[in-house]
Amino acid sequence: MGTFVAAFTVFVLAVFIGFEVISKVPSTLHTPLMSGSNAISGITIVGALILAGQPDTPRIVHLLAGVAVVFATINVVGGYLVTHRMLGMFRRKR
Amino acid sequence: MHTQDLRDLAYLLAAVLFIFDLKWMSHPRTAVRGNWAGVFGMAIAIVATLVGEPMTWQYILTGAVIGTVIGVVMATRVKMTAMPEMVGILNGFGGGASVLVAGAALVMAQRALAAGTPFGMQERVATAASAIIGAVTFFGSYVAFGKLAEFLAVKWDLKPWQSAIKYGFAAVTALGGLAYALVATFGGGGLPEGAAPLVWGTFLCFAAVGGLLLLRRSRFPGMDALKWVAAAASLALGAMLVVQPENGALFWLLAAVSSVLGVLLTISIGGADMPVTIALLNSYSGLAGAATGFVINNNVLIVAGSLVGASGIILTRIMCKAMNRSLTNVLFGTLGPTSDTPDADEVYRTVKATSPEEIAMTLDGAQRVIIVPGYGMAVAQAQHAVQALAALLEQHGSQVEFAIHPVAGRMPGHMNVLLAEANVAYEKLREMDDVNAEMEQVDVAIVLGANDVVNPVAITDPKSPIAGMPIIDVSRARNVIMIKRSLSPGFAGIPNPLFAAANCQMFFSDGKKAINEIIQAVKEAS
């Protein structure tokens, strides 16, 4: 159970950091924060890459992970890009 | 140091950058830097994953190219008015990826299990959790997208592109289920004993999802009971998968039942509750990523996923508070008129309709003007016209500000994005509480396409369905101009006595047309 406890510790502490870091967000930033944090959740791409890149593996693993790479890439690329576009609009006027 | 240690250090660096991303994203001045921190964090995590191990590249490269093209096209083409749909659908991709990664990891683990490597309890539970949360997020996000783009659960006729997505996606879902069942039954080594009901049950669930997506209304009898059944079935199947991880058919049945749950949970949610839904799905997409992190024992997934999960929950709470409703009430309840709701004809006896010229007279010499935008501004795409009116009034010596209700529109911060697109300065966007404190000094409040968020019964009538909901109390301003297409009620379905108040004038028109006419009248009057 050693690795589980370590992983779970990381999880719980990260949740607390999340709450602390973004407790006061001005409403202007609600949408960019959502699209930006959504891009972060595309981190699943790491898992997708590991499995899609496994040599000597059943075809099904490659297919599932390959589609996961597509999904996660859309999530990451689309999320950061659209956030950048929105933030550009907020900044232009200052 | 071993390669894996170096890789883990790179992941740690990525996790730290994600924390800075969120921290900087919560302040207007540092937000751009925050987004870049996230980009670098992601790049570091990806490079660290790809370097130092023998890899099969064709699936990675194909997937990355397709995903990048789709992502770039979506992000550069989307209009600012369609941002709720965009955020809605992006949430879903993360969830979908989690289900697929957990499914692929399960196949690997089953192989290892057959070769004698044990399959740990943590990975088993996390695989089940990834399937449930990921599938709920994927289909819930699709439904949110479809409701925001107004092609799911609506009675009216659809445009061709709406029909194409609606019927195409429903068909792909149902046929995908069928293809899986056929391949599992007749392809390769055939089905293991006892798996047939699981495989065909999976098909039935995906067919049911397809059917639900064709509904032309948001609710049907027995829906709430069905939600509970689907939720209980997901948990039961999840527990079974933990006990028998070697049974791959169980995993896909679990994902299928959770898909039904995801559709049911979101399809009944009304438009004005969408900000809560989008924030909640945002949180789920993070939690799905964290669950997948437990599956493959990867800290950067766990950290990044739980950060997003936490931020989504915070936004969900802010949105629920702004509507004075509990999360359970949003997910399972309905909002609507009660038997105590006064009759609309009675309330609206003294409504005064007005003209652009009269409005120009009211605005003439006004020192303080506030504009309260609502979803109607987004629908009419009136944000540029509104900015033009504000600039014109400022030329005439008025101080013009915008009062933004936290749940105005269809996602958190929706109005802010639109006004930013129209070049309204950040400093002019005021939050509800600040404006309410100064409302007596406001000469003219212009309400554009908003209704429930300015309805004074939230304060005056404790029996009203919206009692206690914080509102922008424009009824205390000297003059109120309501721009609205008709006297039809807002989302809550109750009349708004403000429309008939002595200080209120109603201008019945489309938002953009109305503003342009007012601009014209103000120019002519001066």
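1. Val300(B) lies in helix α11 of chain B. Helices here are DSSP runs of H or I with at least four residues, strands are runs of E with at least two, and both are numbered from the N terminus. The model is predicted: local features need pLDDT of at least 70, side-chain atom pairs count only at pLDDT 80 or more, and totals for chains, interfaces and linings use all residues. Residues are numbered from 1 along each chain as its sequence is written, while chains are lettered from A and ligands numbered from 1 in the order in which they are written.

2. Is Val300(B) buried or exposed? Val300(B) counts as buried because it has 28 C-beta neighbours inside 10 Å. The cut-offs are these: a residue is buried if 20 or more other C-beta atoms lie within 10 Å of its own, exposed if 12 or fewer, and partly exposed in between, with C-beta atoms placed from the backbone.

3. Leaving out residues up to four places away in sequence, Val300(B) touches Ile43(A) and Val46(A) as well as Tyr11(B), Ala14(B), Ala15(B) and Ala45(B). Two residues are in contact if their C-beta atoms, placed from the backbone, lie within 7 Å. Gly289(B) is eleven residues from Val300(B) in sequence, and their C-alpha atoms are 9.8 Å apart in space.

4. Now the contact between the chains. Chain B gives 98 residues to it and chain A gives 79 residues. On the chain B side, the elements that give two or more residues include α1 (3-25), α2 (31-50), α10 (274-295) and α11 (299-323). The largest share, 17 residues, comes from α4(B). By class, this side of chain B has 59 nonpolar, 35 polar and four charged residues. Ala, Val, Leu, Ile, Met, Phe, Trp, Tyr, Cys and Pro count as nonpolar, Asp, Glu, Lys and Arg as charged, and the others, Gly among them, as polar.

5. Chain B is divided into domain 1 (1-77), domain 2 (82-332) and domain 3 (344-525), with bounds from an automatic or database domain assignment. The C-alpha centres of domains 2 and 3 of chain B lie 39 Å apart. Their contact takes 17 residues from domain 2 of chain B and 13 residues from domain 3 of chain B. On the domain 2 side, α4, α10 and α11 of chain B each supply at least two residues, and the largest share, five residues, comes from α11(B). That side has 14 nonpolar, three polar and no charged residues.

6. The axes of helices α6 (residues 160-186) and α7 (residues 196-212) of chain B come within 7 Å and cross at roughly 170°. Axes are lines fitted to C-alpha atoms, for helices over the stretch in contact, and angles run from 0 to 180 degrees between N-to-C directions. α6(B) and α7(B) are therefore roughly antiparallel to each other; angles under 35 degrees count as roughly parallel, over 145 as roughly antiparallel, 65 to 115 as roughly perpendicular and the rest as oblique. The contact of α6(B) with α7(B) has 15 nonpolar, six polar and no charged residues.

7. Strand β4 (residues 444-448) of chain B is largely enclosed by the rest of the structure, because five of its five residues are buried. Val444(B), Ile446(B) and Leu448(B) point one way, Ala445(B) and Val447(B) the other. In a regular strand the side chains alternate between the two faces of the sheet.

8. β4(B) pairs in the parallel sense with strand β1 (residues 368-373) of chain B over five bridges; here Ala445(B) is the bridge partner of Ile370(B). β4(B) also pairs in the parallel sense with strand β5 (residues 479-484) of chain B, over five bridges, and Met482(B) is the bridge partner of Val447(B). Two strands pair if DSSP finds at least two bridges between them.
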